[in-house]
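Please look through the sequence and the model shown here, and then read the briefing that follows. It begins with a charge and a ring, and goes on to aromatic pairs and the ligand.

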Amino acid sequence: MSENFEKTGNIKTGDTEVIRGLEGVVAAETDISYVDGVNGDLYDKGYNIHDLAGVCTYMEVAYLLLHGDLPTKAEGRTFRQQTINEMRLPSQVVKMMEIMPPHSHPMDVLRTVVSSLSNFDPECDDNSPASNKRKAIRLIAQIPTIVAHLYRIRRRESILSPDPHINMAANILYMINGKMPAEDHIRAMDQLLLLHADHGMNASTFAARVTASTHADMHAAVTSAIGTLKGPLHGGANERVMKMLKEINNVDEVEEYIDSMLAQGLRVMGFGHRVYKKEDPRARHLRKSSEMLFKDTSADKNFFSISHRIEDIVLAKKGIYPNVDFYSATVQHALGIPEEFYTTIFAASRISGWTAHILEQYANNRLIRPTS
Ligand code: ACO
């Protein structure tokens, strides 16, 4: 653990107070999602996440974020078809992925490739609402394909086209692993995508909105968001959770490992949150998925049991709860995704929230430009 995490304090000079990290500052009005930190609740367009998880699909929630309400059956079918139709990437973009250095981080490749897609987008310079909605759908469709293609390029395996007959979650697993996934894996991936789709004014969404507020194009705003998501204090934490789990051999080693981290003043990745004072509601569903996926595991170390023990110890010693990134690590591991790709899967879902926020920012824009 080499990252150095500083502690912050606000600075008051005369009448001016610098709110470091903008903690508690209301930076925008949005009706896309609401994080109730006191009660530990999350609402997407007014729907409690507990009512969406396990009932709706990720694509229905992506539709909800973009269009304002859940789709009817016919609307859902049309949206799914529109998205599937946009999943293919320009051949030049695939070539670009092939020549990227093999050691580059998948999030860096994703950021570069999404930025490059603006050059191939037929409506790149059209910032009208109708064009931006189409671009949003294209990005929601293309980011999962980028992730899956990159995975196979890294393994020198041929890339696979999306299957038009299966949903987004199934397609991601199919295009990565090259075989039709099991039903319980599709459900777990779909739920993971649904839970990550949006989350109030988080750092990457804020970055996207700042960029959009200059009237820059949607690809520019999403590129800012991807760069911001990568950081270990934000979406990059899930990858580090898995690295930590791999360092712990069994449940009996957990307490000593965590004690040693805390004694060194290190942060336990996947724990704590700026807004939630209670458990992150998304963690409840991911914990269940993780437990289900590890139930029949015999070959692997039981990462779920180790995670659960870490949760008990960190809560007892620091009073801190797991956030979305903690159990997302073990769910993704069980689905066969390597840890360096975890944050790209996060991005493959959060793109629906980012684009909804960008559309909202354009619709009622004022340049975001604070003072210092
Ligand atoms: N492990 C150990 N201690 C922690 C952790 C943690 N994960 N998180 C917070 N703390 C402690 C801090 O050391 C501090 O203690 P102190 O007052 O005794 O010094 C106290 O809790 C408050 O911490 P802050 O840094 O003020 O809280 P902040 O709101 O800035 O932090 C953050 C939020 C960045 C998420 C933090 O909890 C963290 O670093 N977590 C680990 C990284 C992580 O999991 N990020 C993913 C967040 S979810 C997402 O973005 C998708």
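Arginine 155 lies over the face of tyrosine 151, at 4.0 Å from the ring centre. This position, like everything that follows, is taken from a predicted model.

- Tyrosine 63 belongs to helix α2 (residues 58-67) and phenylalanine 79 to helix α3 (residues 73-85), so the pair ties together parts that are 16 residues apart in sequence.
- Tyrosine 63 is buried, with a relative accessible area of 10%, and phenylalanine 79 is buried as well, with a value of 2%, because buried means under 20% relative accessible area.

**The pair of phenylalanine 271 and phenylalanine 326**

- Phenylalanine 271 and phenylalanine 326 form a tilted aromatic pair, in which the distance is 4.6 Å centre to centre and the angle between the planes is 55°.
- This pair links distant parts of the chain, 55 residues apart, since phenylalanine 271 sits in the loop between α12 (254-263) and α13 (281-294), while phenylalanine 326 sits in helix α15 (residues 324-334).
- Phenylalanine 271 counts as buried at 12% relative accessibility, and phenylalanine 326 is buried with a relative accessible area of 0%.
- Ring pairs join phenylalanine 271 and phenylalanine 326 with Phe304 and Tyr327 in a cluster.

**The ligand and the residues around it**

- The ligand is surrounded by 19 residues, of which the closest are His234, Arg267, Val268, Phe271 and Arg274.
- The shell around the ligand divides into 9 nonpolar, 5 polar and 5 charged residues.
- A backbone N or O atom of leucine 233 lies 3.0 Å from a nitrogen atom of the ligand, whereas arginine 274 places a polar side-chain atom 2.8 Å from an oxygen atom of the ligand.
- Of the 930 Å² of accessible area that the ligand has on its own, the protein covers 74%.

Technical notes:
Residues numbered from 1 in each chain as written. Predicted model: local features only at pLDDT ≥ 70, side-chain atom pairs only at ≥ 80, totals over all residues. Heavy atoms only, no water. Near = heavy atom within 4 Å. Polar contact = N/O pair within 3.5 Å; in protein donor to acceptor, adjacent residues only side chain to side chain. Areas by Shrake-Rupley, 256 points an atom, 1.4 Å probe, with all protein chains shown as cover. Nonpolar A, V, L, I, M, F, W, Y, C, P; charged D, E, K, R; others polar. Helix = DSSP H or I, 4+ residues; strand = E, 2+ residues; numbered from the N terminus. Buried < 20%, exposed > 50% of the residue type's maximum accessible area, 1.4 Å probe, protein only. Phe/Tyr/Trp six-rings, centres within 6.5 Å; stacked < 30°, edge-to-face > 60°. Lys NZ or Arg CZ within 6 Å of the ring centre and 35° of its normal.
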